[in-house]
Amino acid sequence: MFPAVLIVIAGCATYRDQPLSPEKTAAAFDSRSLTNEYLRAFLETNHVQVPAPHGPWNLKQLTLAAFYYQPALAETREQFAAMQAAEITAGEHPNPSVGFTPTYDTTTTPPWILGVTWDIPIETAGKRGKRIAEAKQLSEAARWKLVSAAWQVRSQVRTALLNLYIARETESLLNRQASAQSNVVRLLEGQLAAGALSGYEVTQARVMLQTTQLALSDARGQRLQARAQLANALGLPLHALADVKFSFAGLNQFPRKLTRPEVRREAILNRADVRGALAEYAASQSALQLEIAKQYPDVHLNPGYELDQTDNKWSLGLTVDLPILNQNQGPIAEAEAKRRQAAAHFLNVQSTAIGEIDSALAGYSAALQKSATATALLDSLRERLKSIEAQAQAGEIAPLAVANAEVEFAIGAQSRLDALIKAQQVLGQLEDAVQSPLTMSPAMLHAGETSSAKISK
């Protein structure tokens, strides 16, 4: 028996200390970059083209980088791993136990009576199967939480990249507007010097120019903030993006497939948080079944052996809990209440999803109409500017009219950009609401679930 015990002990897991050092983790975070060879291998593994050494990073590539680095996603991934480990715990059989009861008898020889007893527990009423079912369903719920976390990471990356695009385009348009307004001020100052107009008109033009210059300063600050926001969404230090170029391809496109009725229906039934809430309800069902099964007591077999002086004595015992004082009614009532709570939570999650989808669809439709109107207005202003420029070249109108038309065109371009931005923001909300593979492939979601980043290298 003792060799068997030694073999069992030798197979046990041993504790390994893994202390956390804030200094080392901060240094490891500071060393992260988009040039990491393990990151590039991760992109290749997931069939995403690795950007050239000095090439731009697009939304898909940045999303995979965030899956690799983002600490929030790593934390959710480990929570999922813990729930998977709980499945092992749920499936374990209770261990038997052995007891030694040596007795010393002073009235007879030899004086020692050696006794050995065993306790062999036997679970009844299918408790182990119900416990395994509950653990599997909780693990499934944790997996859907991981999928939802991956969607959130993708959304944060898209929002940050869109904000960077907005700041860049706004800065470019305001530069053009400021240049046109500077030309207006210069021409008006010339007319003022010639006594052709009052100083009030010049002052007005200067105020408009200064207002634009202030907005330009804000846009430059927003560009820097958007870069920092993108670094945070990726799980990288800001300096890691210092020399990185970005591709904004697709941020001026508006897919129509997301508005199809079947996409909405699939989202209502299969959104990650909806599926997760459904798995939690299934787990509450299994938990209730387990508590009901616990009304039936487990059985303990207690065989024993005793060497009484020179006599060999064998015994067979049986132990059963007597459900006299309680029949597990309290835990059963708690499990029933938790099942009702899980059902109410599912209905709340699903109704919230429906509301988010319908709201985003309505906003998306309105934003597309506004974007189309702003585009048409800009086209009209462009044609007007061309006409005025042609008249100026023919000497029919003064250069000031051209300068004013350029200002109006720059303002119209800013209005169109604002409309496009609004439409893209609502599109992001719609994508988040439907969580559709049309905007993010299942393979990328799988990458978010299974990434095991070697971020310290």
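Trainee: Which handedness does the crossing of α8 and α10 have?
Mentor: α8 passes α10 in a right-handed crossing, and right-handed means the near helix is turned clockwise from the far one by less than a right angle, left-handed anticlockwise. This is a predicted model, where local features need pLDDT of at least 70, side-chain atom pairs count only at pLDDT 80 or more, and totals for chains, interfaces and linings use all residues. Residues are numbered from 1 along each chain as its sequence is written, and side-chain values use heavy atoms, leaving out hydrogens and water.

Trainee: And at what angle do α8 and α10 cross?
Mentor: Roughly 155°, with the axes of α8 (residues 261-270) and α10 (residues 329-393) coming within 9 Å. α8 and α10 are therefore roughly antiparallel, a label for angles over 145 degrees. The axes are lines fitted to C-alpha atoms over the stretch in contact, and angles run from 0 to 180 degrees between N-to-C directions. Helices are DSSP runs of H or I with at least four residues, strands are E runs of at least two, and both are numbered from the N terminus.

Trainee: Which residues meet there?
Mentor: From α8, R264, A267, I268 and L269; from α10, Q350, I354, I357, D358 and L361. Contact means heavy atoms within 4.5 Å.

Trainee: New topic. How many residues are in the largest nonpolar core?
Mentor: It has 52 residues, and W57, V157, L230, L234, L241 and F246 have the most contacts inside it. Such a core is a set of buried Ala, Val, Leu, Ile, Met, Phe, Trp, Tyr and Cys residues joined through side-chain atoms within 4.5 Å. Buried means under 20% relative accessible area, exposed over 50%, and partly exposed in between, with a 1.4 Å probe and protein chains only.

Trainee: Which element gives the most to this core?
Mentor: α6, with 13 residues.

Trainee: What does W57 touch?
Mentor: Leaving out residues up to four places away in sequence, its contacts include L34, L62, V244 and F246.

Trainee: Is Q414 buried or exposed?
Mentor: Q414 counts as buried, at 13% relative accessibility. Q414 is in helix α11 and touches T170, L173 and L174, not counting residues up to four places away in sequence.

Trainee: What about the phi of N328?
Mentor: It is positive, about 60°, although N328 is not a glycine. Most residues other than glycine have a negative phi. N328 lies in the loop between β5 (311-320) and α10 and is buried, with a relative accessible area of 14%.

How values were computed
Angles under 35 degrees count as roughly parallel, over 145 as roughly antiparallel, 65 to 115 as roughly perpendicular and the rest as oblique.
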